[in-house]
Amino acid sequence: MSDTNEYSDYDRYDLHKERRANRASNDIDNNSEGEMRRRGGLKKSKRYFLRNKTFLIAVTVAIYATAIAMLFLFSRDLGTNIKAANEATVAQNVLGIPVYPKDYENVVKTKSEVNDGFLTLINNSYACEHDGVDLVNISENYNGKYQITDYVMQANKTTLEQMDKMFADFSAAVGDNDLMISCVYRSMSLQNELYNAEIEEKGETEGSKWVARAGYSEHQSGFSFDLTLRDSEGTITEFDGKGKYAWIKDNCEKYGFIIRYPEEKTDITGIYHEPWHIRYVGVVHAEYIKANGLCFEEYIEEIKKHSVKDPLMYQDNDMNDWRIYFVPAEDGETKVPVPKDRDYEISGNNVDGFIVTVKMN
Ligand SMILES: [Zn+2]
């Protein structure tokens with residue numbers, strides 16, 4: 001006999017017992033009407049209660065199910081955001097990348113320091129507030145790979161070091177030493193003489209597009225220089241940056257230089273194209289400016305869009321990672337956030353704030 005039949009026998013036995021019990025119950029019911037009504041009433045309210053109980057359970061289950069589903073969806077959505085933020089922080093921590101503000105400290109700058117640094121914008125609107133910055137004599141450590149018009153010329157120290165490197169490489173690549181520096185630092189008084197002479201010759205509107213007003217020339221900082229050509233016979237010609245001299249335009253960013261007044265940006269710079277006028281801004285900035293086809297005015301505007309929380313990320317040609325961001329100058333002192341354990345430079349933009357350049361690796 002199978003187990004199923006055994007259970008069937010048991011069920012039959014149970015069913016029989018139940019019928020007997022029901023009969024007994026009916027006998028009691030027949031004996032008392034009141035009892036019957038009471039029992040009937042009980043049965044009715046019990047059914048009602050049971051139906052209600054089922055309904056309540058169903059509703060409770062539905063509410064719980066909805067709540068759980070909503071909680072799941074909500075937490076998943078919220079979780080994604082928190083997870084993404086946490087993952088970014090964790091990834092930065094793992095990579096050792098400074099996290100703002102945890103890994104930053106403040107450097108205090110005064111309002112006048114907006115006028116200091118290699119990223120100071122100097123043009124017809126923003127004057128050079130210095131008469132020479134960290135000047136050295138151009139004949140110091142002179143490498144003989146280019147020519148100079150006289151030995152008392154002065155230039156900014158860093159600018160001159162980078163010029164020496166660039167001209168040595170130019171000489172090696174192109175094979176001549178015809179490049180001549182006709183001007184580097186120019187004092188305010190000399191600029192004034194040049195400007196007045198130009199205005200006298202061309203009138204104020206036209207003259208001012210060729211020579212900057214005294215106080216508004218980059219030459220006054222010592223960060224800029226002008227190139228001329230002088231061949232082996234001593235003939236001096238204008239530097240047009242063409243032919244083999246296009247090397248300067250093609251390579252100057254590697255040394256931190258930009259062609260300050262590009263042909264297609266005259267309406268922004270306010271100065272006619274001068275292929276010979278070259279300005280030092282620093283390698284990473286010069287590279288970015290060139291790669292993005294900007295002039296210096298446009299670059300200064302671009303950086304203003306980036307705060308310490310949303311820095312301009314840039315990987316240079318040597319695969320170094322940089323973060324560049326702007327901190328607006330306050331009246332009085334400005335707290336400039338910088339990472340505690342990274343090399344950085346702070347330069348004023350000569351307009352309204354500070355530019356922080358951080359080397360990340
Ligand atoms: Zn110049």
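Colleague: Which residue follows α3, and what is its phi?

Modeller: α3 is followed by G175, whose phi is positive, near 90 degrees; helices (H or I, at least four residues) and strands (E, at least two) are DSSP runs numbered from the N terminus. This is a predicted model, in which local features need pLDDT of at least 70 and side-chain atom pairs count only at pLDDT 80 or more, while totals for chains, interfaces and linings use all residues. Residues are numbered from 1 along each chain as its sequence is written.

Colleague: What does the chain average in pLDDT?

Modeller: The chain averages a pLDDT of 84, and 74% of the residues score at least 70, pLDDT being the predictor's confidence in each residue, from 0 to 100.

Colleague: And where does pLDDT stay under 50?

Modeller: That is residues 1–42, for which the model has five contacts beyond four places in sequence, where a contact has the two C-beta atoms, placed from the backbone, within 7 Å.

Colleague: Back to α3: which of its residues are buried?

Modeller: The buried residues of α3 are T159, L160, Q162, M163, D164, M166, F167 and F170; buried is 20 or more other C-beta atoms within 10 Å of a residue's own, exposed is 12 or fewer, and partly exposed is in between, with C-beta atoms placed from the backbone.

Colleague: New topic: which strands does β6 pair with?

Modeller: Strand β6 (residues 224–230) pairs in the antiparallel sense with β5 (residues 179–183) over four bridges, with β9 (residues 274–280) over three bridges, and with β7 (residues 236–238), again antiparallel, over three bridges; strands pair if DSSP finds at least two bridges between them.

Colleague: Which residues are the partners there?

Modeller: C183 has D226 of β6 as its bridge partner, F225 has I278 in β9, and L229 stands opposite T237 in β7.

Colleague: What about the core, which residues have the most contacts inside it?

Modeller: The largest nonpolar core has 50 residues, and those with the most contacts inside it are C252, F257 and I258; such a core is a set of buried Ala, Val, Leu, Ile, Met, Phe, Trp, Tyr and Cys residues joined through C-beta atoms within 7 Å. Domain 2 (103–119 + 294–361) and domain 3 (124–280) both give residues to this core, so it lies between them, the domain bounds coming from an automatic or database domain assignment.

Colleague: Which residues is C252 in contact with?

Modeller: Leaving aside neighbours within four places in sequence, C252 is in contact with M166, F257, I258, I259, I278 and A286. Of these, M166 is one of the buried residues of α3, and I278 is the bridge partner of F225.
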